[in-house]
Each structure stands twice: as structure tokens, then as C-alpha cells.
Amino acid sequence: MFQKKMVKYFNKKLKSIKFNHALALEQNDFDGVHDLRVDIKRMKAFFNLVESLNPEFNSKNKFKYFRKITKSAGGLRDVQVQQKLAEDIKNALSLEIYEYESFLKDIEIDNLESFRNNSERELVNKLDESEKAIKGILKKISQIAAETKAQGRFYNLNNNMILLSNDNNLEEEVLHKVRILAKETHYTIEVIQQCFSLFADTGDFVKKIKKVHQNLGKWHDYEISRAYLSDFLKKTGKSSSSEPYHNVLQFIKKEKTSYRKNIQTVFDAFNKSAVLL
């Protein structure tokens, strides 16, 4: 029965969230922080799917404890990504950017403290409370009704993806929406495939939708890089035309432009796969 499979999925993700939360909290582990946020995004897609199966389940309300955790980890994850990009840029250009690296390190320390102050274990323990509500909601739905609504949820997300990715005016605001929607679509079909006998053969759809949010994620990372570097220059009184930061800024712009140009190619590949489902 799908109910048991969905509860099993919930508990598996919850276990992973708790593990990565402890890893991030105690060791400031780079992968732990990343995996924590990905797990919570998967859980959000799961909660939204449950609500689509039975509207009595208030996804937004039930997700509030998860939201508090991912919000507190967001700033820490952002600056850790920027530290990794700064190292990559430094190596690619053979430059010394110690002051900027130190600037990012100070932000990481502040964000880690904020994460630890706002991520008490008691908050994580409250996540268990959702299991009872999920079990109660799912008991009220028949297998056929659940399958029908699960398919409807996915097709709604997929159709929105197709519409947005075919927008002739792909402004940055639209790209941000597509990036978030692509993850939701990816994680939703992941849940459906594991909990229902549906979408067993999707061809390369999952690979293509994953490529969409990964490419947009890289584009977004360099967009954030510009903001961090701009803040650094402003606070230190340095000019964007001064070295080595002029070269750093040009590198960031080049990489962002490269990922931006590749977006339409990635969208086209996704659409060819998506329309076949």
C-alpha cells in the first residue's frame, strides 16, 4: 500500500535530516550543510504532495519546523559555496585574494554562530510530530484516488515547467522561479516513483530536470558571488577596477554569462523529454 511506502519515505528523509543536521551543527561539515538543505527541500516536496492528496493536510503549517532549520542553514551554506568559488577563482587566475577570503571566513563564523543559536536539538525533535499527522491523513485516501491525485500533482508541476522554460523573455526573475520549480518537480517525481507504481519508465526525464536546476544553481552561485564581492569592496573602500579584484569580477561575470547562455540549451533538452510523459 502507498501509505506504508510514503511513511517509510518520510522516516528515511527525517533520519537523513537529523544525521546531516548533527554533522553541520557539530562539525560545520560542508557536505553536511548541503545535504541538510537538499533533504529538507525533498521533504517540502513530499509535504506538498501529501497536501495534494488530501487538502486537510496543511503543508505550510506542518512544514514550519523544517523551514526554521533550512532558513538558519541558508546563510551558512551560501557563504561556504562562496568560499569554494573564491578558491577556484584564485587557482584559475593564479591570484592572491587573502583579504576577500578573510572577509568570507568572518561571515562564515557569524553565520555558523547564528545557525547554532537557531538550530536547537529540541527543534529537530519536533519534526517527529509530523509522522502521526501524515499517517492519519493518508488513511483517508484510497489507492486509486491517491494515484490519480499524485499524477495530477506531477503533471501540474511539469506543465508549469514547460510553460516557464518556453518563455521568450527569460528574465532573471523568471529563472529564479524555474530553478525552484525544477527542484520541486524533480523531488516530487522521486517520491511518486518510490511510493506508487507510476512513472516507472520516464526515459531521461529525471536526468534532464536535474540538469536544469543544477545549471541554474551554478548561474545563481555566480550571481551571489557578485553580491558578496560588491559588499566586500564597499566595506573595504576598494575599487572594482583595482587589482586583483577587477580580474576576479571579470571572471565572475564571464562564468555567470556562460551558464546563462547554456540555459536555453538545457531547457530545450528538458522540454523534449518532458512532453513525452
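Which does Phe199 count as, buried or exposed?

Author: Phe199 counts as buried, because its relative accessibility is 13%. Buried here means under 20% relative accessible area, exposed means over 50%, and partly exposed is in between, with a 1.4 Å probe and protein chains only. Before going on, bear in mind that this is a predicted model, in which local features need pLDDT of at least 70 and side-chain atom pairs count only at pLDDT 80 or more, while totals for chains, interfaces and linings use all residues. Residues are numbered from 1 along each chain as its sequence is written, and side-chain values use heavy atoms, with hydrogens and water left out.

So where is Phe199? Look in the loop between helix 9 and helix 10; helices (H or I, at least four residues) are DSSP runs, numbered from the N terminus. Skip the neighbours within four places in sequence, and Phe199 is in contact with Gln151, Phe154, Tyr155, Ile189, Ile192 and Gln193. Contact means heavy atoms within 4.5 Å. Take Gln151: it sits 48 residues from Phe199 in sequence, yet their C-alpha atoms are 8.9 Å apart.

Now for helix 8, which spans residues 143-165. Its 23 residues reach 33 Å from first C-alpha to last, close to the expected 33 Å, where the expected span is 1.5 Å times one less than the number of residues. Phe154, one of the Phe199 contacts, is among the buried residues of helix 8, along with Ala150, Arg153 and Leu157. The cover over those buried residues includes helix 1, helix 2, helix 9, helix 10 and helix 11.

Helix 10 also holds Ser225. Ser225 counts as buried because its relative accessibility is 1%. Its side chain makes a polar contact of 2.5 Å with the side chain of Gln82; that term means a pair of N or O atoms within 3.5 Å, where within protein one must be able to donate a hydrogen and the other to accept it, and residues adjacent in sequence count only if both atoms are side-chain atoms.

Ser225 and Gln82 both line the largest cavity, as do Leu85, Tyr100 and Ile252, among others. A cavity is a set of points, on a 1 Å grid over the protein atoms alone, where a 1.4 Å probe fits but cannot get out, and lining residues have an atom within 4 Å of a point. The volume is about 30 Å³, counted as the space filled by probe spheres set on the points, with grid points joined across faces, edges and corners. Helix 4 gives the most to this lining, with four residues.

Helix 4 also gives the most to the lining of the largest pocket, with 10 residues. A pocket is an open set with protein on both sides within 12 Å along at least five of seven lines. This one holds about 1200 Å³ of space, and helix 2, helix 9 and helix 10 join helix 4 in giving two or more residues to its lining. Of its 34 lining residues, His34, Val38, Lys41, Arg179 and Lys183 lie nearest the centre.
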